[in-house]
Amino acid sequence: MSAFGKLIRTTAFRLTLVYLFLFALFAASLLAFFAWNTRRLITEQITTTVNAEASEINDIYLRRGLRGLAFTIGNRALRPGANLYLITTPTGVALGGNVGSLSPGVMATVGWSETNYRRLDENDNSPHRALVKVTELSNGFRLLIGRDLEERRRLFGIVAKGAQWSLLVMVVLGLGGGIFVSRRVLRRIDAMTGTTQRIMAGDLSGRLPVGRSGDELDRLAGNLNAMLERIEALMNGLKEVSDNIAHDLKTPLTRLRNRAEEALARSGSEADYRAALERTIEESDGLIRTFNALLMIARAESGQARGNMDDFDAADVANGIYELYEPLAEEDGMTLTVKASPAHIHGNRELISQALANLVENAIKYGKPTASAQPLGIKAAREIMIEARREGDSVVLSVTDHGPGIPEADRRHAIERFVRLEASRTLPGSGLGLSLANAVATLHGGELRLADAHPGLVATLVLPARAGERLAAQTQDVPQKVA
């Protein structure tokens with residue numbers, strides 16, 4: 001398609017034509033109304049003047065008779081710019097005036113009419129147009145008084161010519177402006193089209209150009225860029241998950257297969273087979289937990305869990321997690337405490353409970369006190385604090401331990417899937433606990449913050465409250481271990 005063909009097919013150009021037609025119609029209507037009212041005003045002025053003069057001349061005729069009438073008409077006809085005058089007998093013979101000829105039948109009709117005429121004192125034989133009034137006098141004589149309409153014609157001609165030029169200028173400027181706007185919009189659309197073609201070809205890093213005008217195209221481009229960033233992040237996340245699954249799950253699957261093969265190769269006792277099966281089941285449970293954690297993260301990141309949101313008290317969630325993990329902490333030589341105040345929140349209770357459980361389990365597993373925690377005392381160094389409170393429009397759920405913590409440079413990396421820092425590689429786990437907690441926080445419009453507890457780590461879920469009027473029915477929190 002040619003450039004001009006693309007131009008005239010644009011929405012901007014078509015809208016320009018529509019608005020141009022509407023403005024031209026409005027301007028034509030306005031000028032027509034002005035011309036009509038001007039014509040009517042001039043006609044009213046003529047009729048008022050002629051009626052007044054006809055009344056005056058009729059009085060002269062009544063007082064002075066036909067001779068005085070003829071004398072008056074003769075004097076007035078000689079004045080510069082005089083009106084039209086004509087006196088005729090009942091038989092139609094002209095007795096005086098300055099009219100040389102009229103359209104046939106004008107004098108036969110009493111009242112107002114428009115007619116062509118020619119003056120006696122003009123050498124120009126071309127007819128002129130006049131508005132005349134014929135009055136019948138006593139004894140059958142008739143008097144014609146009129147006014148030339150040249151002034152009205154000229155004024156109407158001026159208005160008509162002005163309308164023509166105005167419409168011409170409007171059309172030219174409208175088409176010029178339409179072409180300019182259409183070309184500008186078309187260039188921006190072509191730029192967007194080129195970017196989208198690169199994106200469809202697989203280059204997800206492409207972004208639509210955004211100008212500084214802030215118009216609807218800029219807003220659309222901004223929203224599309226945000227969508228593209230989200231799509232790129234999801235695609236990168238999908239690729240990362242696929243790579244991580246292929247890398248991190250290869251080892252446990254290989255170990256599972258080797259154990260099964262070893263059990264088959266060795267002709268051991270029933271106890272050996274049972275032990276091999278138990279180790280296989282344990283390894284399978286770990287794999288199932290890993291896959292369930294991945295599904296839960298995907299569910300949170302895709303926003304599918306928004307349909308299960310309800311109102312509840314985050315303090316109840318904190319207390320439930322405390323009751324569930326307090327025995328486990330004691331077995332590991334740690335002390336679990338809780339400090340919860342009413343903090344109503346609108347969200348997915350199951351996911352928030354799971355996220356908090358992951359933080360607590362990480363603290364129990366990796367929060368063993370180090371030498372830097374000795375000044376706190378043995379009891380304080382082994383304490384893990386769960387907190388739930390309201391801060392402004394947010395609900396804060398935090399877990400504090402006094403272990404080695406996470407260096408600030410590694411905190412952003414620590415929330416990625418399957419990431420396990422050097423200090424935790426010797427301990428069991430899949431590296432998905434913080435990833436799930438971060439996904440849950442993002443789902444609720446909040447964030448996961450990792451900070452230094454001096455010593456130790458403070459892992460905090462900051463979630464917007466948006467609490468409703470009713471709390472959801474209390475349910476037992478039995479989260480799945482995925483940390």
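Q: What do β12 and β13 form, and which residue in the turn has a positive phi?
A: The two strands form a hairpin with four residues between them, and the residue in the turn is His-454, whose phi is about 50°. This is a predicted model, in which local features need pLDDT of at least 70 and side-chain atom pairs count only at pLDDT 80 or more, while totals for chains, interfaces and linings use all residues. Residues are numbered from 1 along each chain as its sequence is written, and side-chain values use heavy atoms, with hydrogens and water left out.

Q: How do you know that β12 and β13 pair, and in which sense?
A: Strands (DSSP runs of E with at least two residues, numbered from the N terminus, as helices are from H or I runs of at least four) are said to pair if DSSP finds at least two bridges between them. β12 and β13 are joined by six bridges in the antiparallel sense, so they meet that condition. One of the places where this can be followed is Ala-451, whose bridge partner in β13 is Val-458.

Q: Why is His-454 called exposed?
A: A residue is exposed when its relative accessible area is over 50%, buried when it is under 20%, and partly exposed in between (1.4 Å probe, protein chains only). His-454 has a relative accessible area of 63%, so it is exposed. His-454 lies in the loop between β12 and β13, and a cis peptide bond, with omega of about -5°, joins it to Pro-455, a residue found in that loop. These features deserve attention because most residues other than glycine have a negative phi, and most peptide bonds are trans.

Q: Why is Leu-450 called buried, and which residues does it touch?
A: Leu-450, whose place is in strand β12, has 14% relative accessibility and therefore counts as buried. Taking contact to mean heavy atoms within 4.5 Å, and not counting residues up to four places away in sequence, Leu-450 touches Ile-406, Arg-411, Ile-415, Leu-434, Leu-457, Val-458 and Ala-459. Its C-alpha atom is separated by 8.7 Å from that of Arg-412, which is 38 residues away along the chain.

Q: What makes β13 largely enclosed?
A: Eight of the eight residues of β13 are buried, so the strand is largely enclosed by the rest of the structure. Leu-457, Ala-459, Leu-461 and Leu-463 point one way, whereas Val-458, Thr-460, Val-462 and Pro-464 point the other way, and all are buried. In a regular strand the side chains alternate between the two faces of the sheet. β13 is also joined to β11 by eight bridges, the two running antiparallel, and Asp-401 stands opposite Leu-457.

Q: Which strands are called edge strands in the sheet of five strands, and why?
A: The sheet is open, in the order β8-β10-β11-β13-β12, with mixed pairing. Its edge strands are β8 and β12 (447-452), each of which pairs on one side only. Helix α7 lies across β8, β10 and β11, running at about 170° to β8, where angles run from 0 to 180 degrees between N-to-C directions of lines fitted to C-alpha atoms, for helices over the stretch in contact.

Q: How do you know that the span of helix α7 agrees with its number of residues?
A: The expected span is 1.5 Å times one less than the number of residues. For the 18 residues of α7 (residues 314-331) this should be 26 Å, and the end C-alpha atoms are 26 Å apart, so the two agree.

Q: Where does α7 bend, and which proline follows?
A: The bend, taken as the angle between axes fitted to the seven residues ending at a residue and the seven starting there, is about 40° at Tyr-325, and Pro-327 follows within four residues. Tyr-325 is among the buried residues of α7, which also include Ala-314, Val-317 and Ile-321.
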